[in-house]
Amino acid sequence: MKLVAAAKVRRAQEAVVNGRPFSQTLVEVLYSINEQLQTEDIDAPLTKLRPVKKVALVVCTGDRGLCGGFNNAILKKAEARIAELKNLGVDYTIISVGKKGNTYFTRRPYIPVDRFLEGGTLPTAKDAQTIADDVFSLFVSEEVDKVELLYTKFVSLVKSNPIIHTLLPLSPKGEICDINGNCVDAAEDELFRLTTKEGKLTVERDAVRSKTIDFSPILQFEQDPVQILDALLPLYLNSQILRALQESLASELAARMSAMSSACDNAVELKKNLSRVYNRERQAKITGEILEIVAGADALV
(Lines give C-alpha, C1' and ligand atoms only; values in the text may rest on other atoms or scores of the structure.)
Protein backbone atom coordinates (compact mmCIF):
# COMPACT_ATOMS: atom_id res chain seq x y z
CA MET A 1 0.00 0.00 0.00
CA LYS A 2 2.92 2.31 0.69
CA LEU A 3 4.41 1.76 -2.76
CA VAL A 4 1.03 2.09 -4.50
CA ALA A 5 0.35 5.38 -2.65
CA ALA A 6 3.86 6.60 -3.50
CA ALA A 7 3.30 5.93 -7.21
CA LYS A 8 -0.09 7.70 -7.18
CA VAL A 9 0.95 10.71 -5.11
CA ARG A 10 3.60 11.64 -7.67
CA ARG A 11 0.96 11.97 -10.40
CA ALA A 12 -1.43 13.76 -8.07
CA GLN A 13 1.25 16.25 -7.07
CA GLU A 14 2.15 16.98 -10.68
CA ALA A 15 -1.53 17.74 -11.36
CA VAL A 16 -1.57 20.17 -8.43
CA VAL A 17 1.61 21.99 -9.45
CA ASN A 18 0.70 22.14 -13.16
CA GLY A 19 -2.80 23.45 -12.48
CA ARG A 20 -1.86 26.08 -9.92
CA PRO A 21 -0.48 28.77 -12.31
CA PHE A 22 -3.66 28.63 -14.43
CA SER A 23 -5.85 28.88 -11.35
CA GLN A 24 -3.92 31.85 -9.95
CA THR A 25 -3.77 33.67 -13.31
CA LEU A 26 -7.50 33.23 -13.85
CA VAL A 27 -8.24 34.81 -10.47
CA GLU A 28 -5.93 37.74 -11.27
CA VAL A 29 -7.68 38.31 -14.63
CA LEU A 30 -11.08 38.23 -12.96
CA TYR A 31 -9.88 40.63 -10.30
CA SER A 32 -8.59 43.09 -12.92
CA ILE A 33 -11.88 42.96 -14.80
CA ASN A 34 -13.93 43.20 -11.64
CA GLU A 35 -11.90 46.16 -10.35
CA GLN A 36 -12.43 48.16 -13.55
CA LEU A 37 -16.14 47.41 -13.60
CA GLN A 38 -16.77 48.65 -10.06
CA THR A 39 -17.65 52.10 -11.40
CA GLU A 40 -20.08 50.73 -13.99
CA ASP A 41 -23.60 49.52 -13.35
CA ILE A 42 -23.09 45.85 -14.25
CA ASP A 43 -24.86 42.95 -12.60
CA ALA A 44 -22.31 40.19 -11.86
CA PRO A 45 -23.94 37.88 -9.30
CA LEU A 46 -20.81 35.94 -8.30
CA THR A 47 -18.94 39.12 -7.30
CA LYS A 48 -21.83 40.67 -5.40
CA LEU A 49 -21.18 41.31 -1.71
CA ARG A 50 -24.21 41.13 0.56
CA PRO A 51 -24.83 40.70 4.31
CA VAL A 52 -24.03 37.12 5.27
CA LYS A 53 -27.04 35.30 6.69
CA LYS A 54 -26.18 31.77 5.57
CA VAL A 55 -22.90 30.11 4.59
CA ALA A 56 -22.38 26.99 2.46
CA LEU A 57 -19.39 24.86 3.50
CA VAL A 58 -17.95 22.54 0.83
CA VAL A 59 -16.05 19.89 2.82
CA CYS A 60 -13.61 17.70 0.84
CA THR A 61 -12.62 14.40 2.46
CA GLY A 62 -11.24 11.08 1.23
CA ASP A 63 -13.04 7.96 0.07
CA ARG A 64 -10.89 5.54 2.06
CA GLY A 65 -9.23 5.21 5.43
CA LEU A 66 -5.76 3.95 6.42
CA CYS A 67 -4.31 7.42 5.88
CA GLY A 68 -3.53 8.52 9.43
CA GLY A 69 -5.31 11.64 10.66
CA PHE A 70 -6.06 13.05 7.19
CA ASN A 71 -9.86 12.77 7.28
CA ASN A 72 -10.08 13.51 10.99
CA ALA A 73 -8.16 16.79 10.60
CA ILE A 74 -10.44 18.27 7.92
CA LEU A 75 -13.59 17.13 9.75
CA LYS A 76 -12.33 18.78 12.95
CA LYS A 77 -11.72 21.95 10.93
CA ALA A 78 -15.30 21.78 9.65
CA GLU A 79 -16.66 21.27 13.17
CA ALA A 80 -14.66 24.25 14.44
CA ARG A 81 -15.97 26.45 11.61
CA ILE A 82 -19.54 25.32 12.30
CA ALA A 83 -19.10 26.26 15.97
CA GLU A 84 -17.80 29.72 14.93
CA LEU A 85 -20.81 30.29 12.68
CA LYS A 86 -23.19 29.23 15.44
CA ASN A 87 -21.56 31.68 17.86
CA LEU A 88 -21.96 34.44 15.26
CA GLY A 89 -25.62 33.54 14.78
CA VAL A 90 -25.07 32.70 11.09
CA ASP A 91 -26.93 29.80 9.51
CA TYR A 92 -25.02 27.19 7.50
CA THR A 93 -25.35 24.17 5.23
CA ILE A 94 -22.87 21.48 4.18
CA ILE A 95 -21.94 20.12 0.76
CA SER A 96 -20.05 16.93 1.56
CA VAL A 97 -17.54 15.54 -0.97
CA GLY A 98 -16.01 12.12 -0.25
CA LYS A 99 -17.29 8.89 1.32
CA LYS A 100 -15.67 9.52 4.72
CA GLY A 101 -17.32 12.92 5.03
CA ASN A 102 -20.65 11.51 3.83
CA THR A 103 -20.54 8.82 6.52
CA TYR A 104 -19.56 11.35 9.18
CA PHE A 105 -22.39 13.79 8.43
CA THR A 106 -24.97 11.02 7.86
CA ARG A 107 -24.39 9.87 11.45
CA ARG A 108 -25.00 13.43 12.68
CA PRO A 109 -28.51 14.33 11.48
CA TYR A 110 -28.46 17.60 13.43
CA ILE A 111 -25.96 19.03 10.86
CA PRO A 112 -27.86 20.31 7.78
CA VAL A 113 -26.44 18.85 4.55
CA ASP A 114 -27.49 20.19 1.16
CA ARG A 115 -25.91 17.42 -0.90
CA PHE A 116 -23.72 14.31 -0.62
CA LEU A 117 -21.16 13.75 -3.38
CA GLU A 118 -18.56 11.03 -3.85
CA GLY A 119 -15.03 11.87 -4.88
CA GLY A 120 -13.21 9.89 -7.56
CA THR A 121 -9.82 8.21 -7.65
CA LEU A 122 -8.66 10.95 -10.03
CA PRO A 123 -10.54 14.29 -9.94
CA THR A 124 -11.71 15.59 -13.31
CA ALA A 125 -13.28 18.82 -14.54
CA LYS A 126 -16.60 16.94 -14.78
CA ASP A 127 -16.49 16.09 -11.06
CA ALA A 128 -15.67 19.72 -10.23
CA GLN A 129 -18.48 20.96 -12.48
CA THR A 130 -21.05 18.91 -10.53
CA ILE A 131 -20.03 20.69 -7.32
CA ALA A 132 -19.75 24.06 -9.10
CA ASP A 133 -23.31 23.79 -10.46
CA ASP A 134 -24.69 23.17 -6.98
CA VAL A 135 -22.66 26.03 -5.48
CA PHE A 136 -23.65 28.38 -8.31
CA SER A 137 -27.39 27.69 -7.90
CA LEU A 138 -27.23 28.18 -4.12
CA PHE A 139 -25.38 31.50 -4.37
CA VAL A 140 -27.27 33.02 -7.31
CA SER A 141 -30.67 32.11 -5.82
CA GLU A 142 -29.49 33.84 -2.61
CA GLU A 143 -30.10 30.72 -0.54
CA VAL A 144 -26.57 31.30 0.75
CA ASP A 145 -24.61 34.56 0.88
CA LYS A 146 -21.12 33.05 1.07
CA VAL A 147 -19.46 29.81 -0.02
CA GLU A 148 -16.38 28.45 1.74
CA LEU A 149 -14.22 25.58 0.54
CA LEU A 150 -12.66 23.32 3.20
CA TYR A 151 -9.90 21.07 1.94
CA THR A 152 -6.42 19.83 2.81
CA LYS A 153 -3.67 21.83 1.12
CA PHE A 154 -0.72 19.74 -0.01
CA VAL A 155 2.59 21.14 1.25
CA SER A 156 5.01 18.21 1.22
CA LEU A 157 5.13 14.45 1.72
CA VAL A 158 5.06 14.83 5.48
CA LYS A 159 2.99 17.99 5.82
CA SER A 160 -0.48 19.09 4.75
CA ASN A 161 -2.67 21.84 6.13
CA PRO A 162 -6.48 21.80 6.36
CA ILE A 163 -7.56 25.27 5.22
CA ILE A 164 -10.72 27.30 4.58
CA HIS A 165 -10.85 29.18 1.29
CA THR A 166 -13.54 31.72 0.47
CA LEU A 167 -14.91 30.62 -2.90
CA LEU A 168 -17.77 33.09 -3.36
CA PRO A 169 -18.11 35.99 -3.59
CA LEU A 170 -14.92 36.59 -5.59
CA SER A 171 -12.10 37.87 -3.40
CA PRO A 172 -11.63 41.65 -3.62
CA LYS A 173 -7.83 41.18 -3.41
CA GLY A 174 -7.59 39.05 -6.53
CA GLU A 175 -6.07 36.07 -4.74
CA ILE A 176 -7.17 32.91 -2.98
CA CYS A 177 -7.93 34.01 0.58
CA ASP A 178 -9.12 32.39 3.77
CA ILE A 179 -12.00 33.68 5.91
CA ASN A 180 -9.75 36.33 7.44
CA GLY A 181 -8.60 37.70 4.08
CA ASN A 182 -5.14 36.10 4.32
CA CYS A 183 -3.64 34.61 1.15
CA VAL A 184 -3.48 30.80 1.25
CA ASP A 185 -1.53 30.37 -2.00
CA ALA A 186 1.97 28.94 -1.74
CA ALA A 187 4.46 30.52 -4.11
CA GLU A 188 6.80 27.55 -3.79
CA ASP A 189 5.97 23.86 -4.15
CA GLU A 190 7.98 20.80 -3.26
CA LEU A 191 8.48 18.14 -5.91
CA PHE A 192 9.95 14.76 -5.04
CA ARG A 193 11.32 11.70 -6.81
CA LEU A 194 11.34 8.16 -5.47
CA THR A 195 14.74 6.47 -5.86
CA THR A 196 16.59 3.53 -4.39
CA LYS A 197 19.77 3.97 -2.42
CA GLU A 198 21.69 0.93 -1.14
CA GLY A 199 18.63 -1.21 -1.85
CA LYS A 200 16.26 1.00 0.16
CA LEU A 201 13.52 3.38 -0.96
CA THR A 202 14.56 7.03 -0.60
CA VAL A 203 13.06 10.38 -1.53
CA GLU A 204 14.81 13.28 -3.29
CA ARG A 205 13.17 16.71 -3.02
CA ASP A 206 13.26 19.72 -5.33
CA ALA A 207 11.65 23.15 -4.87
CA VAL A 208 9.61 24.57 -7.75
CA ARG A 209 8.24 28.09 -7.83
CA SER A 210 4.94 28.70 -9.58
CA LYS A 211 5.02 31.49 -12.17
CA THR A 212 2.06 33.60 -13.18
CA ILE A 213 1.79 36.24 -15.88
CA ASP A 214 1.66 39.90 -14.90
CA PHE A 215 -1.25 41.75 -16.46
CA SER A 216 -1.46 45.40 -17.34
CA PRO A 217 -3.74 47.37 -15.02
CA ILE A 218 -5.41 48.81 -18.14
CA LEU A 219 -7.55 46.32 -20.02
CA GLN A 220 -9.65 47.01 -23.09
CA PHE A 221 -12.75 44.93 -23.65
CA GLU A 222 -13.48 43.85 -27.23
CA GLN A 223 -16.74 42.29 -26.07
CA ASP A 224 -19.39 43.31 -23.62
CA PRO A 225 -17.82 43.01 -20.11
CA VAL A 226 -20.92 41.16 -18.92
CA GLN A 227 -20.34 38.45 -21.55
CA ILE A 228 -16.72 38.11 -20.48
CA LEU A 229 -17.65 37.78 -16.81
CA ASP A 230 -20.43 35.32 -17.59
CA ALA A 231 -17.89 33.14 -19.41
CA LEU A 232 -15.04 33.44 -16.91
CA LEU A 233 -16.88 33.15 -13.59
CA PRO A 234 -18.11 29.54 -14.15
CA LEU A 235 -14.57 28.68 -15.28
CA TYR A 236 -13.27 30.25 -12.07
CA LEU A 237 -15.60 28.11 -9.98
CA ASN A 238 -14.64 24.93 -11.81
CA SER A 239 -10.90 25.60 -11.64
CA GLN A 240 -10.89 26.43 -7.92
CA ILE A 241 -12.95 23.36 -6.99
CA LEU A 242 -10.85 21.09 -9.23
CA ARG A 243 -7.72 22.47 -7.63
CA ALA A 244 -9.11 21.78 -4.14
CA LEU A 245 -9.97 18.19 -5.12
CA GLN A 246 -6.48 17.66 -6.54
CA GLU A 247 -4.80 19.13 -3.46
CA SER A 248 -6.97 16.97 -1.21
CA LEU A 249 -6.16 13.80 -3.18
CA ALA A 250 -2.41 14.50 -3.12
CA SER A 251 -2.58 15.12 0.65
CA GLU A 252 -4.56 11.90 1.19
CA LEU A 253 -2.08 9.78 -0.78
CA ALA A 254 0.90 11.35 1.00
CA ALA A 255 -0.80 10.70 4.38
CA ARG A 256 -1.50 7.08 3.37
CA MET A 257 2.09 6.59 2.27
CA SER A 258 3.33 7.95 5.60
CA ALA A 259 0.80 5.88 7.60
CA MET A 260 1.71 2.66 5.78
CA SER A 261 5.41 3.37 6.27
CA SER A 262 4.81 3.75 10.01
CA ALA A 263 2.70 0.57 10.01
CA CYS A 264 5.54 -1.36 8.33
CA ASP A 265 8.07 -0.02 10.84
CA ASN A 266 5.78 -0.90 13.75
CA ALA A 267 5.23 -4.42 12.35
CA VAL A 268 8.99 -5.01 12.08
CA GLU A 269 9.47 -3.78 15.66
CA LEU A 270 6.60 -5.95 16.91
CA LYS A 271 8.05 -9.01 15.16
CA LYS A 272 11.44 -8.34 16.76
CA ASN A 273 9.93 -8.03 20.25
CA LEU A 274 7.77 -11.16 19.87
CA SER A 275 10.77 -13.14 18.56
CA ARG A 276 12.77 -12.06 21.62
CA VAL A 277 9.99 -13.12 23.99
CA TYR A 278 9.58 -16.47 22.16
CA ASN A 279 13.33 -17.21 22.30
CA ARG A 280 13.46 -16.44 26.03
CA GLU A 281 10.54 -18.77 26.72
CA ARG A 282 12.11 -21.53 24.57
CA GLN A 283 15.46 -21.18 26.32
CA ALA A 284 13.79 -21.26 29.73
CA LYS A 285 11.91 -24.45 28.77
CA ILE A 286 15.08 -26.14 27.47
CA THR A 287 16.97 -25.14 30.64
CA GLY A 288 14.14 -26.57 32.79
CA GLU A 289 14.19 -29.88 30.90
CA ILE A 290 17.98 -30.17 31.28
CA LEU A 291 17.68 -29.55 35.03
CA GLU A 292 15.01 -32.27 35.30
CA ILE A 293 17.25 -34.77 33.46
CA VAL A 294 20.25 -33.93 35.67
CA ALA A 295 18.14 -34.18 38.84
CA GLY A 296 16.76 -37.59 37.70
CA ALA A 297 20.27 -38.89 36.98
CA ASP A 298 21.49 -37.76 40.43
CA ALA A 299 18.54 -39.55 42.07
CA LEU A 300 19.46 -42.86 40.34
CA VAL A 301 23.02 -42.61 41.60
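A residue is called buried here when its relative accessible area is under 20%, and exposed when that area is over 50%. With that in mind, strand 4 of this predicted model can be described as mostly covered, since 10 of its 11 residues are buried.

**The chain as a whole**

The protein chain has 5 helices and 7 strands, and, read from the N terminus on, its elements follow the order α-β-α-β-α-β-α-β-β-β-β-α. Of the 301 residues in the protein chain, 41% count as buried. Among the contacts between residues at least 6 apart in sequence, 70% join residues that are at least 24 apart.

The link between strand 4 and strand 5 is a hairpin, which joins them through 2 residues. The table sets out some of the residues that face one another across these pairings.

| Residue | Opposite residue | Strand of the opposite residue |
|---|---|---|
| Ala 56 | Val 147 | strand 4 |
| Ser 156 | Lys 159 | strand 5 |

**Ser 251 in helix 5**

Where does Ser 251 lie? The residue is part of helix 5, which spans residues 225–300. Ser 251 has a relative accessibility of 1%, and therefore counts as buried, because the limit for that word is under 20% relative accessible area. The side chain of Ser 251 reaches the backbone nitrogen of Phe 154 at 3.3 Å. If the neighbours within four places in sequence are left aside, the residues in contact with Ser 251 are Phe 70, Thr 152, Lys 153, Phe 154 and Ser 160.

**A group around Tyr 104**

The next feature concerns aromatic rings. A pair of such rings is described by the distance of the centres and the angle of the planes. For pairs whose ring centres lie within 6.5 Å, the count comes to 1 aromatic pair. This pair is formed by Tyr 104 and Phe 105, whose rings are 5.3 Å apart from centre to centre, with 85 degrees between the planes. The arrangement is edge-to-face, because that term applies when the planes are over 60 degrees apart.

Are the two partners buried or exposed? Tyr 104 has a relative accessible area of 18% and so is buried, and Phe 105, at 3% relative accessibility, counts as buried too.

**Backbone details in the loops**

Some details of the backbone are found in loops. Leu 66 has a phi near 55 degrees, which is a positive value in a residue other than glycine, and Leu 66 lies in the loop between strand 1 and helix 2 (70–88). Leu 66 counts as exposed because its relative accessibility is 56%, and the limit for that word is over 50%.

Glu 142 also has a positive phi for a residue other than glycine, with a value near 65 degrees, and its place is in the loop between helix 4 and strand 4.

Which residues are joined by a cis peptide bond? This bond joins Leu 168 and Pro 169, and its omega is about -5 degrees. Pro 169 is found in the loop between strand 5 and strand 6, the latter covering residues 188–197.

Notes
Residues numbered from 1 in each chain as written. Predicted model: local features only at pLDDT ≥ 70, side-chain atom pairs only at ≥ 80, totals over all residues. Heavy atoms only, no water. Pairing = 2+ DSSP bridges. Helix = DSSP H or I, 4+ residues; strand = E, 2+ residues; numbered from the N terminus. Buried < 20%, exposed > 50% of the residue type's maximum accessible area, 1.4 Å probe, protein only. Polar contact = N/O pair within 3.5 Å; in protein donor to acceptor, adjacent residues only side chain to side chain. Contact = heavy atoms within 4.5 Å. Phe/Tyr/Trp six-rings, centres within 6.5 Å; stacked < 30°, edge-to-face > 60°.
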